[in-house]
Amino acid sequence: MKLNYAVVGTNDMDASVKFYDALFEHSGLTQVRPSERMTYWLQDDFAFAAALPFDGEPAASGNGTMVGFSLGSAAEVTRLHRKAIELGGTCEGEPRQRGPRFSAYVRDLDRNKICFAA
């Protein structure tokens with residue numbers, strides 16, 4: 001079994017698309033926007049999406065909820081962490097070695113927690 005996709009909620013789809021398009025600009029992911037409430041970034045059998053909640057209630061970040069991206073190097077972890085901060089995200093953990101992985105943590109514009117690790 002493997003993870004098929006991850007979705008984070010957003011309250012401003014245009015701002016979320018701008019954030020993730022810039023964050024993923026060198027990742028090889030393809031953006032697909034099948035509707036006004038959902039945007040995907042796809043590659044092979046992997047998908048990440050930002051969505052306006054189906055129930056119409058405001059999106060809220062979950063305490064203890066996090067999406068992790070496995071990257072190829074510590075340099076890429078550091079680059080994406082820095083890029084996310086430049087795009088308006090907030091730092092939740094500077095890039096550094098944590099156990100067997102080099103990782104960094106950010107929150108996106110809607111306060112969804114993201115981990116970059118190598």
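Modeller: Rings of Phe, Tyr and Trp (its six-membered ring) pair if their centres lie within 6.5 Å; planes under 30 degrees apart count as stacked, over 60 as edge-to-face and the rest as tilted. The model is predicted, local features need pLDDT of at least 70, side-chain atom pairs count only at pLDDT 80 or more, and totals for chains, interfaces and linings use all residues. Residues are numbered from 1 along each chain as its sequence is written, and side-chain values use heavy atoms, with hydrogens and water left out.

Colleague: How is a single pair described?

Modeller: A pair of aromatic rings is described by the distance of the centres and the angle of the planes. For Tyr20 and Trp41, the ring centres are 5.6 Å apart and the planes stand at 50°, so the pair is tilted. Tyr20 belongs to helix α1 and Trp41 to strand β3, 21 residues apart; helices (H or I, at least four residues) and strands (E, at least two) are DSSP runs, numbered from the N terminus. Tyr20 and Trp41 are buried, that is, under 20% relative accessible area, with over 50% being exposed and partly exposed in between (1.4 Å probe, protein chains only).

The rings of Phe24 and Phe48 have centres 5.7 Å apart and planes at 90°, so this pair is edge-to-face. Both residues are buried.

Colleague: Which residues of helix α1 are buried?

Modeller: An α-helix has 3.6 residues a turn, so residues three or four places apart point the same way. In α1 (residues 13-23), the buried residues are Met13, Ser16, Val17, Phe19, Tyr20, Ala22 and Leu23. They pack against β1, β2, β3, β4, α2 and β8.

Colleague: How much space lies in the largest pocket?

Modeller: Rolling a probe the size of a water molecule over the atoms shows where empty space is left. A pocket is an open set of points on a 1 Å grid over the protein atoms alone, where a 1.4 Å probe fits, with protein on both sides within 12 Å along at least five of seven lines; lining residues have an atom within 4 Å of a point. The largest pocket holds about 310 Å³, a volume being the space filled by probe spheres set on the points. Of its 16 lining residues, Leu29, Phe46, Phe69, Ser70 and Leu71 are the closest to the centre. Strand β5 gives the most to this lining, 4 residues.

Methods:
Contact means heavy atoms within 4.5 Å.
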